[in-house]
Amino acid sequence: MTRSTVGAAPVDAAALTTVGRAWRAAAAVLDPEVPVLTIEDLGVLRDVSVDPDDRVEVTITPTYSGCPAMDAIRQDVGSALADEGFHDVTVRLVLAPAWSTDWMSDDGKRKLLAYGIAPPTPRGDGPIALRLSIRCPQCGSGATRELSRFGSTACKALWVCEDCREPFDHFKAH
Amino acid sequence: MTADIGNARADDRVVSPADVVAYALRLGDDALVYAQRMGGWIAAAPQLEEDVALGNIGLDLLGQARSFLTYAGELEGAGRDEDDLAYLRDERDFVNAQIFELPNGDFAFTVARMLVTSAYQVELYTRLATSGDATIAAIAAKAVKEVDYHRDHATQWMLRLGDGTDESHRRMVRALEDVWPYVGELFESDDLTARLTEAGVAADPGSLEDATLEYVAGVLAEATLEVPNTHVHHRGGRRGVHTEHMGYLLAELQYLHRSHPGASW
């Protein structure tokens with residue numbers, strides 16, 4: 001059976017094939033815990049394929065092993081595809097390769113910042129460990145410090161700005 | 001095929017699915033029981049940020065447990081899913097090491113235990129990330145980033161408390177003495193781990209001991225603490241023999257599901 005597949009790349013809206021339409025519908029699903037990011041922005045959406053009978057298989061990967069948003073994402077992907085006319089949808093969860101914040105799109109990082117969450121810095125797996133300063137999403141100051149290594153969700157830590165004194169979430173490099 | 005002595009490859013040997021099920025249950029039970037303990041700190045930790053931290057650590061562990069138990073259930077082929085395995089087995093069916101089921105104690109005990117268990121899990125999952133079993137490898141590759149963060153958290157607290165006030169130091173000395181008799185069980189090999197290590201699926205528990213204890217000893221030295229000298233070694237968890245605390249833990253973990261089968265929200 002032939003199956004059209006789209007890898008992790010956006011599709012030109014002007015030339016939408018069936019699989020392109022399916023990708024676009026799935027890609028627009030928002031993360032329930034950071035509702036300015038789509039699952040495409042996050043890098044959670046890995047693959048969409050459609051067989052000749054319009055059966056769709058969507059592959060997603062969790063950010064953290066225990067991420068409670070995955071069940072909601074699974075349901076939302078199903079309804080988004082149903083709205084687009086696809087009624088036979090399988091959502092497959094894969095663990096490998098393991099998700100990394102390096103998969104977050106630049107657009108996603110801009111949206112996070114505008115939402116008041118300091119985006120993740122590059123993971124720095126290179127030969128020299130380089131710690132980039134975390135800028136305050138409210139005032140832009142680099143004078144910030146970590147209040148708690150853990151935050152409101154598994155993917156965030158709690159920081160505070162020394163200049164404007166506002167606390168803020170930081171999306172941890174992972 | 002070229003000889004590859006001392007470097008077992010899974011594809012060379014027949015791996016018994018029942019063995020992999022038993023091993024996945026050990027990994028899953030360790031994570032599940034420990035997640036339940038961490039959840040117990042929510043609203044009871046010394047500060048709000050720590051409620052959040054320990055709750056998040058518990059959530060990571062619960063995710064790891066769900067992956068391992070789901071895999072064990074699928075491979076077993078008897079129709080049991082993660083919920084059946086978590087909620088409908090009795091105490092003697094659980095094969096977690098006893099260190100994970102011990103009550104949280106004071107915060108010093110929780111930190112002392114976490115330093116050891118997270119250091120162990122970092123070594124374990126690093127090795128399992130290259131397991132010949134693709135599912136175990138995938139779960140481990142994901143989990144290793146999480147437990148590394150837990151180890152960092154435990155390390156920072158150990159340094160603050162060990163090298164803190166007289167009282168925090170005194171309590172950490174006592175906590176380490178309380179934890180230590182349960183450490184050895186993590187590194188005990190048996191027939192199951194021997195077969196699966198040979199087959200390239202498991203990490204031999206004994207081979208994780210040096211690296212784990214080297215990390216822990218390094219942190220303790222910096223925290224002005226000493227590795228306890230203990231002659232007592234409790235064991236039996238891998239055979240379903242547990243401490244008197246396990247029954248109470250399972251009662252709390254399983255009550256809802258057993259009273260209201262299939263409950264969900």
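**Close-up views of a predicted two-chain model**

**Figure 1. Order of the elements in chain A.** From the N terminus on, chain A runs β-α-α-β-β-α-β-α-β-β-β-β. This amounts to 4 helices and 8 strands. The model shown here, as in every view below, is predicted. Of the 174 residues in chain A, 38% are buried. Among the contacts in chain A that link residues at least 6 apart in sequence, 51% join residues at least 24 apart.

**Figure 2. Confidence along chain A.** The average pLDDT of chain A is 89, and 86% of the residues score at least 70. Strand 3 of chain A has the highest confidence, at 97. The lowest belongs to strand 1 (residues 4-6) of chain A, where the mean is 61. Where pLDDT is low, the predicted coordinates should not be read in detail.

**Figure 3. The hairpin of strands 2 and 3 in chain A****.** Strand 2 (residues 45-50) of chain A pairs with strand 3 (residues 56-60) of chain A in the antiparallel sense, over 5 bridges. One residue pair to look for in this view is A:Ser49 with its bridge partner A:Glu57, which lies in strand 3 of chain A. Between the two strands of the hairpin there are 5 residues. In the turn, A:Asp54 has a positive phi of about 65°. In a regular strand the side chains alternate between the two faces of the sheet.

**Figure 4. The largest nonpolar core****.** This core holds 120 residues. The members that touch the most other members are A:Ala22, A:Ala26 and A:Leu81 in chain A, together with B:Ala24, B:Phe68, B:Val111 and B:Leu115 in chain B. Helix 4 (residues 107-128) of chain B provides the largest share of the core, with 13 residues.

**Figure 5. Surroundings of B:Val111****.** Once its neighbours within four places in sequence are left aside, B:Val111 is in contact with B:Ala154, B:Trp157, B:Met158 and B:Leu161. B:Val111 is also one of the residues that touch the most other members of the largest nonpolar core.

**Figure 6. The contact between chain A and chain B****.** Chain A contributes 15 residues to the contact, and chain B contributes 18 residues. On the side of chain B that touches chain A, helix 2 (48-76) and helix 5 (134-162) of chain B each supply at least two residues. Helix 2 of chain B gives the most to this side, namely 10 residues. By class, the side of chain B that touches chain A comprises 8 nonpolar, 5 polar and 5 charged residues.

Key
Residues numbered from 1 in each chain as written. Chains lettered and ligands numbered in written order. Predicted model: local features only at pLDDT ≥ 70, side-chain atom pairs only at ≥ 80, totals over all residues. Contact = placed C-beta atoms within 7 Å. Nonpolar A, V, L, I, M, F, W, Y, C, P; charged D, E, K, R; others polar. Core = buried A, V, L, I, M, F, W, Y, C linked by C-beta atoms within 7 Å. Buried ≥ 20, exposed ≤ 12 C-beta atoms within 10 Å, placed from the backbone. Pairing = 2+ DSSP bridges. pLDDT = per-residue confidence, 0-100.
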